[in-house]
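Here is my note on the model you asked about, written as numbered points.

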Amino acid sequence: MRQVAISGSGGRVSVALLENERLVEWRCEGGQADVAVGEIFIGQVADVLPAIQSAFVQIGLERNAYLYVDDVGEPTQHPARKTTTISERVREGEKLLVQVIKEGSELKAPKVTTKISLQGRYLVLLPYERGISMSRKMADPHKRERLLELLAPLLAADEGVIVRTEAFEADEQRLLAELGFLRRRWQEIRELAAQKTGVGRVSLATEWLETTVRELVTADVAKIWVEDGAVYQKVKEALAIVAPEGVAGLSWYREKEPLFARLGIEAQLQQAVQRQVKLPSGGFLIFDKTEAMTVIDVNTGAFTGKGGQQREQAVTQTNLEAAAQIAVQLRLREIGGIIVIDFIDMKEQANKERVLTALKRELAKDPVPATVLGMTALGLVEMTRKRVRPSLAERLFIPCDACRGQGLLLSPQEVAARLYSEVTSLAKVQEAEAVLVELPTRLFHHIDEAEPTWPARVYKLHRPALLADEYRILYLGSEQEAKRLYARQTQLT
């Protein structure tokens, strides 16, 4: 059974997708990323670099965005030229409306395009392109012809659409309603862009939630749990727009225990950033990240075969388990780019093919495209997975200052969210009015004790000796006692 859990704890919205109670995907509004895929900005060209056919665009963030020549659209009133350079397409100081197509990372700038697209469940609106494109997955010529006849008369001369796979099973009214919604959304974006005098983000307040709900709430999602009344109302409104079939499964979670703790999501998140992952056979996976690639090593672990055919069968079984688990972990950890897998050595070619086939089959379940390139002479499997957003580790952790970036610490946002969740759980059980906590320097300055969303009044003590991602709850109970203990601790220091 597939479920979606949405939490508004800690002043941020987090969304988790579960399959049979196992965490498959986790997203968080904001997080460590400066930008998200799909966001639209007013940008100004800062540098044009003909040598690499690229430009850097200032979009109002600390780091300029990267624009490649192929991602610069031609004006619709002029036919595309067969050969153009970046210098012919953009000029320094020019203002552009750009959209993020790949989020940045610690060392890489976000990648943008001027070819704006607005995603829907069934259609993708292309405001600057002409014509109708259809998903290659649908080969039925009658359905394709029906959709062409339906949509072609509705499109303006300077706009186009991409018809997604889901559209082939949708009724005409649903398609027409979504086309109208996407057009209204584009008009709102244009109006917001016209109001901006400088560079910066052009976005709508509900955009992130609508996008996340559209991508995760599919027809096979049986239940949608939402914690927090305000977030529940926003989700209900978003579902009505982008996934009306999900409204029937929507529930407002009101229990004392936090939703993510109840469903085991927090524990699974912690496991998802561990270097080692256990396999049912007793083997395990090791994940290592380098600047160039991610390397995954498959180990036999507790295997004690005696050799010969017995060993070949056991090793193949472990590799098959590893192939399935690797696909799950790549999606959950949001690992993209070049990936090299060192499976346990197999002697028989047929078994190697079985493992490669299993890996491709499991990767096909992932909505993010992945390509398996094959096995090298050394027995290493080379593959790539499209990078669409920062990895889970990049969203949860920040570089450690003490070891010059070689280690990782949980980000202040993530530690604050975990403290909030723990205080919420304890406060509901004990009906507490206030909490007294010791916080390290970065967290001390990050947490606002006057924030009204906290379930109890927060009295915080500055403790520089604590690790950057540590905290200690000293007292939870009446506000009078918390205030007295706070005053006493303050006097002692």
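1. Let us begin with a definition: a crossover is right-handed if, with the strands pointing away from the viewer, the path from the first strand over the helix to the second runs clockwise. Helices (H or I, at least four residues) and strands (E, at least two) are DSSP runs, numbered from the N terminus. With that in hand, look at strand E14, helix H5 (residues 229–242) and strand E15, which form a right-handed β-α-β unit. E14 (residues 221–227) and E15 (residues 250–253) pair in the parallel sense over 4 bridges, where two strands count as paired if DSSP finds at least two bridges between them. Ile224 stands opposite Leu250 of E15.

2. A word on the source. This is a predicted model, in which local features need pLDDT of at least 70 and side-chain atom pairs count only at pLDDT 80 or more, while totals for chains, interfaces and linings use all residues. Residues are numbered from 1 along each chain as its sequence is written, and side-chain values use heavy atoms, with hydrogens and water left out.

3. Next, find the open sheet of 6 strands, whose order is E16-E17-E18-E19-E21-E20, with mixed pairing. Strand E16 (276–278) and strand E20 (370–375) are at the edges with a single partner strand each, so one side of each has no neighbour in the sheet. From one strand to the next, the twist averages 20°; angles run from 0 to 180 degrees between N-to-C directions, and axes are lines fitted to C-alpha atoms, for helices over the stretch in contact.

4. Within this sheet, strand E17 (residues 284–289) pairs with strand E18 (residues 293–299) in the antiparallel sense over 6 bridges. Which residue of E18 is the bridge partner of Leu285? It is Val298. Helix H9 (residues 349–363) packs on the sheet and touches strand E19 (337–342), E20 and strand E21 (380–385), with a direction at about 175° to that of E20. Contact here means heavy atoms within 4.5 Å.

5. Is helix H4 (residues 207–216) largely enclosed or open? Of its 10 residues, 8 are buried, so H4 is largely enclosed by the rest of the structure. Buried means under 20% relative accessible area, exposed over 50%, and partly exposed in between (1.4 Å probe, protein chains only). Among the buried residues of H4 are Trp208, Leu209 and Arg214.

6. The structure holds 28 salt bridges, each a side-chain nitrogen of Lys or Arg within 4 Å of a carboxyl oxygen of Asp or Glu. One of them joins Glu334 and Arg385 (3.8 Å, N to O). Glu334 sits in the loop between helix H8 (308–333) and E19, and Arg385 in strand E21, 51 residues apart. Glu334 is buried, at 3% relative accessible area, and Arg385 is buried, at 3% as well.

7. Compare the salt bridge between Lys347 and Asp345 (3.1 Å, N to O). Lys347 counts as exposed at 63% relative accessibility, and Asp345 as partly exposed at 42%. Then there is Arg457 with Glu479 (3.5 Å, N to O): Arg457 lies in strand E25 (residues 457–462) and Glu479 in helix H13 (residues 479–492), so the pair ties together parts 22 residues apart in sequence.

8. Now look inside. A nonpolar core is a set of buried Ala, Val, Leu, Ile, Met, Phe, Trp, Tyr and Cys residues joined through side-chain atoms within 4.5 Å. Which residues touch the most other members of the largest core, which has 33 residues? They are Trp26 and Ile265. Helix H11 (412–430) is one of the elements that give two or more residues to this core, and H11 gives the most, with 6 residues. A second, separate core of 27 residues includes Val298 and Val372.

9. Finally, an open sheet of 3 strands has the order E25-E24-E26, with mixed pairing. E25 and strand E26 (472–477) are its edges, each with a single partner strand. E24 and E25 pair in the parallel sense over 6 bridges, and Leu436 has Tyr459 of E25 as its bridge partner. H11 lies across E24 and E26, at about 25° to E26, while H13 touches E24, E25 and E26, with a direction at about 15° to that of E25.
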